[in-house]
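Keep the picture beside you as you go.

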Amino acid sequence: MMLRKFKAGQSSAKSDLYERCVLCGRITNIPRDLPIDRRVGYVPGGGQLCCRCYDEVMRETELDIKQQWSASADEMASG
Ligand SMILES: [Zn+2]
């Protein structure tokens, strides 16, 4: 029967198969056996992020870089 298949601990099986986001703890759609260089949202030294957290981290990183650039530009102007 189809129902029996459904009962076989699906939620835990899924968390075994897919990576969990290191920030929010949600299950991502990245299979655990997928090579790191083929993954989306994997941060070296950090871990796997879900698409939402990855998006946020990327946005913050971009802001950081822009701030660093403008800071060094200020230094150059005053120095
Ligand atoms: Zn997340």
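Start with R39: at 12% relative accessibility, R39 counts as buried. Here buried means under 20% relative accessible area, exposed means over 50%, and partly exposed is in between, using a 1.4 Å probe and protein chains only. Before going further, a word on what you're looking at. This is a predicted model, where local features need pLDDT of at least 70, side-chain atom pairs count only at pLDDT 80 or more, and totals for chains, interfaces and linings use all residues. Residues are numbered from 1 along each chain as its sequence is written, and side-chain values use heavy atoms, with hydrogens and water left out.

**The overall layout**

The protein chain has 3 helices and 4 strands, and along the sequence they come in the order α-α-β-β-β-β-α. Helices (H or I, at least four residues) and strands (E, at least two) are DSSP runs, numbered from the N terminus. Of the 79 residues in the protein chain, 15% are buried. Now take the contacts between residues at least 6 apart in sequence, where contact means heavy atoms within 4.5 Å: in the protein chain, 28% of them join residues at least 24 apart.

**Salt bridges**

Back to R39. Which side chain does R39 meet in a salt bridge? The partner is E19, at 3.2 Å from N to O. A salt bridge is a side-chain nitrogen of Lys or Arg within 4 Å of a carboxyl oxygen of Asp or Glu. The pair links distant parts of the chain, with R39 in the loop between β2 and β3 (42-43) and E19 in strand β1, 20 residues apart. E19 is buried too, with a relative accessible area of 17%.

By this rule there are 3 salt bridges in total, and here they are side by side:

| Salt bridge | N to O distance |
|---|---|
| R39 and E19 | 3.2 Å |
| R59 and D55 | 2.6 Å |
| K66 and E62 | 3.9 Å |

Why do such pairs turn up at all? Side chains of opposite charge can pair when their charged atoms come close. R59 and D55 are separated by about one helical turn, because they sit 4 residues apart in helix α3. K66 and E62 are likewise 4 residues apart in helix α3, so about one helical turn separates them. As for accessibility, R59 is exposed at 52%, D55 is partly exposed at 40%, and E62 is partly exposed with a relative accessible area of 48%.

Q48 lies in strand β4. Is Q48 buried or exposed? At 2% relative accessibility, Q48 counts as buried. The side chain of Q48 makes a polar contact with the side chain of R39, at 3.5 Å. A polar contact is a pair of N or O atoms within 3.5 Å; within protein, one must be able to donate a hydrogen and the other to accept it, and residues adjacent in sequence count only if both atoms are side-chain atoms. A polar atom of the Q48 side chain also lies 2.9 Å from the backbone oxygen of V40. Not counting residues up to four places away in sequence, Q48 touches a list of residues that includes E19, R39, V40 and G41.

G41 has its place in the loop between β2 and β3, and G41 is buried at 3% relative accessibility. Leaving aside neighbours within four places in sequence, G41 is in contact with G47, Q48, L49 and Y54. G41 and C53 are 12 residues apart in sequence, and their C-alpha atoms are 8.3 Å apart in space.

**The zinc site**

Which residues hold the protein donors of the zinc ion? They are C21, C24, C50 and C53, each through SG, lying 2.3 Å from the ion. Donors are N, O and S atoms within 2.8 Å of the metal (3.2 Å for Na, K and Ca); water is not among the atoms, so sites may look incomplete. The donor residues are spaced C-x2-C-x25-C-x2-C in sequence.

The angles among the 4 donor atoms run from 104 to 116 degrees, and the site is tetrahedral; four donors count as tetrahedral if all angles lie between 85 and 135 degrees. C50 is buried at 9% and C53 is buried at 11%, whereas C24 is partly exposed at 38%.

Notes. Four donors count as tetrahedral if all angles lie between 85 and 135 degrees; four count as square planar and six as octahedral if opposite donors are over 155 degrees apart and all others between 65 and 115; anything else is irregular.
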